[in-house]
Amino acid sequence: MPISDCYDIVVIGAGFFGMNIAEYFARRGKKVLLCEKYEACMTRASYTNQARIHNGYHYPRSVLTAMRSRISFPRFVKEFPECVVNDFSKYYGIGKILSKVNARQFEEFCNRIGAECEEASPSVMKLFDSHYIEKIFRVREYAFDSKKLCEIMMKRIREANVELSCSTSVEKVLEHNGGLKVEIVTEDGKYVISAKHVFNCTYSNINSVNQSSGIKLIPLKYEMTEMALVEVPDELKDKAFTIMCGPFFSLMPFPSRDLYSLSHVRYTPHYEWYDDRDKYISPLTVCDLDKKETAFHEMQFDSARYLPLIRKCRYRDSLWEVKTLLPSSETDDSRPILFKMNYELNGYHCVMGGKIDNVYDIITTIDQNKEVFL
Amino acid sequence: MNKIKDIFVSAVVIRPDRNNILDFLTHLSDILASHYAHYEILLMTTELGESAPDLDIDDILQKIKHIRAIKLFRDTTDDVLFAAGIENAIGDIIVCSYQEFLTEKNVIESVNLCCEGNDVVSGVFHTKKPFWYRFGSSLFRKLFSQILSYNLHPDDAFFRCVSRRALNAAIGTRHFHRFVFLRLSNVCEKKGYIDLKLSSDEQLRKPHFLDSFSRAISLIIFNSTTPLRVMNLSALLVCVISFLVAVYTVVVKLIKHHVVEGWPTMMLVLSFLFFFLFLILAFMGEYLVRIIFDTNQAAPYHVLSEKHSSVMLNYDELNIREDSVSSEINLTQTGRDR
Ligand SMILES: Cc1cc2nc3c(=O)[nH]c(=O)nc-3n(C[C@H](O)[C@H](O)[C@H](O)COP(=O)(O)OP(=O)(O)OC[C@H]3O[C@@H](n4cnc5c(N)ncnc54)[C@H](O)[C@@H]3O)c2cc1C
């Protein structure tokens, strides 16, 4: 339950983006309330993801996303060293069939964004079926431990004096006397608080708050995604692989569970949908209601065509999350951050995070507009 | 002010002209920067002989951003330069031509058409060509367009705007570097055409008889075995005829007693047969040469050097969007297939 009924800034959603924004304002002397629907912070997309600290390699078809990841990478690694996992070798393979880039283009692209890449040793190349793989590159890409990242963020918001209210769902945001009125539901009941600025950082649930507040929905695309958590055979330990680009898969360490995550472009998204104002259903509800039938075997069989040892992986569990994408990213696979300032209401701002390490871009943008908020 | 399209366009300049290159590149990069969020310019050159001085690449790279200069070994044809240029470009959409065709109108119009879903946009330039060219070209089209799937426009010019997916599909085809235009035109779902305008004071490069002839012969030899089959059939037919002539000669010899009378016929038959024999041999010989060429595993081109501008990327641009949907049409689909 919030201590006060009046705040400078209310941030909805204690994912990585919400926590960073809350910390930014609190450190500048603002009275900040951070509301999280669940009992703990960073339990949704900021936990359920492939734990990849992007360094650009993943986006040969969106130079901007690649370049921003490339620029944010060293900053993220320096700022959160405790959660960075780099005790493995990372390889990017270029598929021969149906690939949207070839090895030469990939190498050229890496040079261009300044991302290190070198041809993998023959022993690594041997792990792959040369009929399907044109070339393998060894690259510099790390993973993060989302539990440790959460611990760091918890410490930081505490030190910055952010008031955190867990098990608190924001239901509505309304205009009130030139400011904003926020309706929240906690375990103890319903409350109304007032705020000068409200940041909606609820990722897939952004439109849920908009819908109940009578605000126009933002066009977004949702995918019900599954990432399989597996144990890898000894030959694949200390290694991680991503096959590009088109039909591809990724096998990455998932440090917070001490397992590996397997994702596949075709089988990780189970189905997709867009919002319908008249029959609106919250993506979190869709996720709760989903039968969650695993597609691990399809992922495994297809990936094993490229990397036969994947057949030896043992399935342990799956992570399920609603991936939220901008329809505009469909043509080029970019992952920008969506930032809608003063969206429909004065002082109400929507932020949809694209990538964990791209968080700096939103902080920079807020800082560039600080006269609006501070 | 123009609305900047959120796409990556590569402009490839084949054999840039030394004399006004700086002005041209400054103008071209202004056009690209004012219309597209990301761009690069590739300069495709070859090593020149002693007498002709090279472009001052280092000067260009210092003065203009987003330039890559690729230099190939000397004996590279323009078609191979073209193929090498588009193959090494990294944009979603690639515009490639000679300097004189890379005008603002041509670039913008072709990229727009490409974004509307035309995987390959060809430039068409209406100009009065020499008689031998018109005659040869129409004869070639009549005889071979069907068997070679040759569907290039009669006024096709050395200009293409290509989507990444069409390029990637074409790269995988046989002899891509040699027949880049034909391969591009055969892999795309939808084609577009634009009427090219020359930048005012430029002169168009004229077709050379030998170049055009050798290009036509290459097209026939590399893309179809039909002529060989026709020749083989003719050889068979001539065999039958020569056999019949032999029978006729024997019959004449048996019926008539004056051998001298058969002398002119013999001469006629012999010269006729030898004519065909040598024609067939010539064709077979040509095929053999091509096979030898083809089985030669040498790379289609050799890169001598590649340099680029010190500034290639805009490091200050943030990855933030204000809208989740884009108002621009972009059907080139470099993202996931759907
Ligand atoms: C399958 C998948 C794989 C990914 N892989 C990677 C990767 O490898 N690397 C990478 O950098 N990025 C990856 N991403 C993207 C990344 O996970 C997201 O960009 C990032 O986590 C978004 O952070 P967030 O804080 O905006 O969202 P979240 O972490 O989802 O936070 C939103 C929070 O809002 C809360 N909330 C929702 N509704 C309400 C409400 N009404 N009231 C109060 N609270 C509410 C939620 O409970 C949640 O805690 C991946 C995403 C997915 C789905």
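Which backbone atom of Gly354(A) lies 3.2 Å from an oxygen atom of the ligand? A backbone N or O atom of this residue does.

## About the model

Welcome! This is a predicted model, where local features need pLDDT of at least 70, side-chain atom pairs count only at pLDDT 80 or more, and totals for chains, interfaces and linings use all residues. Residues are numbered from 1 along each chain as its sequence is written, chains are lettered from A and ligands numbered from 1 in the order in which they are written, and side-chain values use heavy atoms, leaving out hydrogens and water.

## Around the ligand

Arg52(A) places a backbone N or O atom 2.9 Å from a nitrogen atom of the ligand, and a polar backbone atom of Phe16(A) is 3.2 Å from a ligand oxygen atom. On its own the ligand has 1,000 Å² of accessible area, and the protein covers 98% of that (Shrake-Rupley method, 1.4 Å probe).

In total, 34 residues surround the ligand, each with a heavy atom within 4 Å of it. Among the closest are Glu36(A), Ser46(A) and Asn205(A). The shell draws at least three residues from each of domain 1 (1-51 + 145-217 + 331-374) and domain 2 (85-144 + 221-325) of chain A; the bounds come from an automatic or database domain assignment.

## A look at Ser169(A)

Ser169(A) is buried, with a relative accessible area of 13% (buried means under 20%, with a 1.4 Å probe and protein chains only). Beyond residues up to four places away in sequence, Ser169(A) touches Lys37(A), Glu183(A), Ile184(A) and Val185(A), where contact means heavy atoms within 4.5 Å.

How values were computed:
A polar contact is a pair of N or O atoms within 3.5 Å; within protein, one must be able to donate a hydrogen and the other to accept it, and residues adjacent in sequence count only if both atoms are side-chain atoms. Buried means under 20% relative accessible area, exposed over 50%, partly exposed in between (1.4 Å probe, protein chains only).
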